[in-house]
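Dear colleague,

I am handing over the structure below, followed by an account of what was found in it. Please read the two side by side.

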Amino acid sequence: MHVIVIGAGAIGVCSAWYLRQAGFEVTVLEQRAAPAQEASFGNAGVIAPGYVTPWAAPGMPGKVLRTLFAREAPVLFRPSLDPAMWRWISRWLRECNLERYRTNKLRMQRLAFYSRDCLHRLRSELEIDYEQSQGYLQLFRTARDLDMAAPAISLLRENNVPHRLLTPDACRRVEPGLAADTALAGGLHLPEDESGNCPMFIRRLHQHAEAAGVRFRFDTTVRRLRTGKNGALTIELAPETKGGTSETLTARQVLLASGANSATLLRPLGLRVPLYPVKGYSVTTMVRDELQAPLGALMDESYKVAITRMGNRVRIAGTAELGSRRLTLRPAALHTLIKVARDWFPVAGNYQEATLWAGARPMLPDGPPLIGATAVPGLFLNLGHGSTGWAMACGSGKIAADTIAANEGAGSGPGIDMDGLTPARYGLGPVRQDTMQR
Ligand SMILES: Cc1cc2nc3c(=O)[nH]c(=O)nc-3n(C[C@H](O)[C@H](O)[C@H](O)COP(=O)(O)OP(=O)(O)OC[C@H]3O[C@@H](n4cnc5c(N)ncnc54)[C@H](O)[C@@H]3O)c2cc1C
């Protein structure tokens with residue numbers, strides 16, 4: 001049985017690997033010339049199942065409004081007439097209450113913990129090194145930011161996730177390079193969370209997948225997906241040259257893992273998924289002073305900026321920009337990242353000469369991704385991983401492969417409870433009249 005995977009980001013490559021392991025013939029179609037060139041390329045690299053969290057949280061709308069016009073803001077908003085953006089915001093606002101936050105967070109954590117187990121198994125099976133570092137330290141500049149973390153901290157306690165609340169001095173013992181003169185109200189340390197270089201891992205996994213028989217077709221853009229004759233799906237490719245003829249492929253099983261671009265491909269099939277690209281930025285610099293550089297991964301909770309050690313480099317990533325679908329570099333966002341880096345690690349690297357990057361997080365308004373079968377026979381989704389797709393990539397790939405195998409009568413399906421993680425959540429599941437799971 002043949003499966004076509006659309007997209008060779010973290011999610012598509014992991015899915016392809018596990019599908020091949022499950023015995024499928026696999027072809028991956030990717031518009032870029034190599035794997036992990038879009039959202040999976042310049043991300044912060046944090047794998048924090050203990051703290052994986054939806055952006056729709058109590059207090060978030062107020063925080064966004066308070067900082068919207070600040071010089072260094074965690075959220076940038078470009079008002080536009082894009083109805084998809086306004087629908088997304090309206091649904092996001094409805095998710096910002098404690099009950100929805102807890103439901104969404106527990107769903108995300110269930111997947112992220114499972115994914116971390118899958119990642120650990122894969123890295124020891126295949127001996128993949130990807131500049132891993134251990135531990136995740138959250139920094140709260142003010143008592144107010146610390147208070148806002150209360151619901152998340154109580155969930156950590158309820159679920160027995162190892163964590164420690166730290167005084168500013170204790171934070172500086174975990175990360176001795178932290179500047180002493182930047183205001184710090186306290187920290188939260190998750191010793192079992194970790195970080196690593198996402199594109200480095202995905203490129204290695206791509207090599208293993210190719211050696212195992214997965215066929216990757218790069219520079220291949222899917223223009224349109226249609227339902228074809230005899231229950232097969234038709235995949236129309238964009239012509240390779242301007243004015244050239246377009247190739248059409250057919251497949252009985254297609255897995256859509258095309259990140260932020262997925263909603264456009266689903267619309268002609270009558271599947272409307274509230275996926276919106278939320279732009280983010282990163283800057284990466286070589287470590288200049290080892291003793292004053294970060295050792296692991298940190299998150300400045302006040303600015304929602306992550307600082308991660310990746311081998312001999314430091315990456316600073318963050319900013320949520322709504323309303324712009326173009327991946328142009330916006331100086332205001334980069335300025336915020338560099339300010340935060342300088343606040344905490346002023347001489348760790350030469351930030352003026354850093355490599356700059358922008359990418360689009362494939363965000364659903366509530367948080368968890370959608371993995372599984374749709375109402376269109378043979379079409380499966382693995383998308384909407386938002387700001388935590390790297391942390392969820394291996395588990396999501398395994399779940400997608402197990403779902404497709406079970407659909408073919410092989411195996412018993414995913415190894416975790418899928419409640420709230422399937423397309424049924426938005427009424428897109430196999431039975432069209434399925435009630436939307438809230
Ligand atoms: C600034 C920033 C920081 C982040 N930090 C973290 C973090 O610390 N930890 C974490 O877990 N996550 C993080 N993320 C999120 C994470 O990077 C994403 O969730 C993840 O990369 C999504 O993977 P994906 O494979 O779904 O999407 P992508 O990596 O975007 O892959 C989708 C692929 O599909 C291809 N494609 C799209 N359309 C077509 C088409 N029509 N035909 C053929 N190919 C197509 C694209 O070229 C692309 O290669 C961050 C994201 C950003 C932007």
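**Helix packing, sheet and domains**

The axes of helix 4 (residues 98–126) and helix 11 (residues 389–407) come within 7 Å and cross at roughly 85°, where axes are lines fitted to C-alpha atoms, for helices over the stretch in contact, and angles run from 0 to 180 degrees between N-to-C directions. That angle makes helix 4 roughly perpendicular to helix 11 (65 to 115 degrees counts as roughly perpendicular, under 35 as roughly parallel, over 145 as roughly antiparallel and the rest as oblique). Helices (H or I, at least four residues) and strands (E, at least two) are DSSP runs, numbered from the N terminus.

This is a predicted model, in which local features need pLDDT of at least 70 and side-chain atom pairs count only at pLDDT 80 or more, while totals for chains, interfaces and linings use all residues. Residues are numbered from 1 along each chain as its sequence is written.

Leu111, Tyr114 and Leu122 are among the residues of helix 4 that meet helix 11, whose own contributors include Met392, Gly395 and Lys398; contact here requires C-beta atoms, placed from the backbone, to lie within 7 Å.

Helix 1 (residues 10–21) and helix 8 (residues 198–211) have axes that come within 10 Å and cross at roughly 30°, which makes helix 1 roughly parallel to helix 8. Among the residues that meet there are Trp17 and Arg20 in helix 1, and Ile202 and Leu205 in helix 8; the residues of this contact divide into 9 nonpolar, 2 polar and 1 charged.

Helix 1 also lies across strand 1, strand 2, strand 12 (253–256) and strand 19 (379–383), running at about 170° to strand 2. An open sheet of 6 strands has the order 8-2-1-12-19-18, with mixed pairing (two strands pair if DSSP finds at least two bridges between them). Strand 8 (215–217) and strand 18 (370–373) stand at the edges, each with a single partner strand, so one side of each has no neighbour in the sheet. Strand 1 (residues 2–6) and strand 2 (residues 25–29) run parallel and are joined by 5 bridges, and Val5 has Val28 as its bridge partner in strand 2.

The domain assignment gives domain 1 (2–40 + 201–275 + 367–426) and domain 2 (59–96 + 133–194 + 283–363), with bounds that come from an automatic or database domain assignment. Their C-alpha centres lie 30 Å apart, and 12 residues of domain 1 are in contact with 8 residues of domain 2.

Conventions. Contact = placed C-beta atoms within 7 Å. Nonpolar A, V, L, I, M, F, W, Y, C, P; charged D, E, K, R; others polar.
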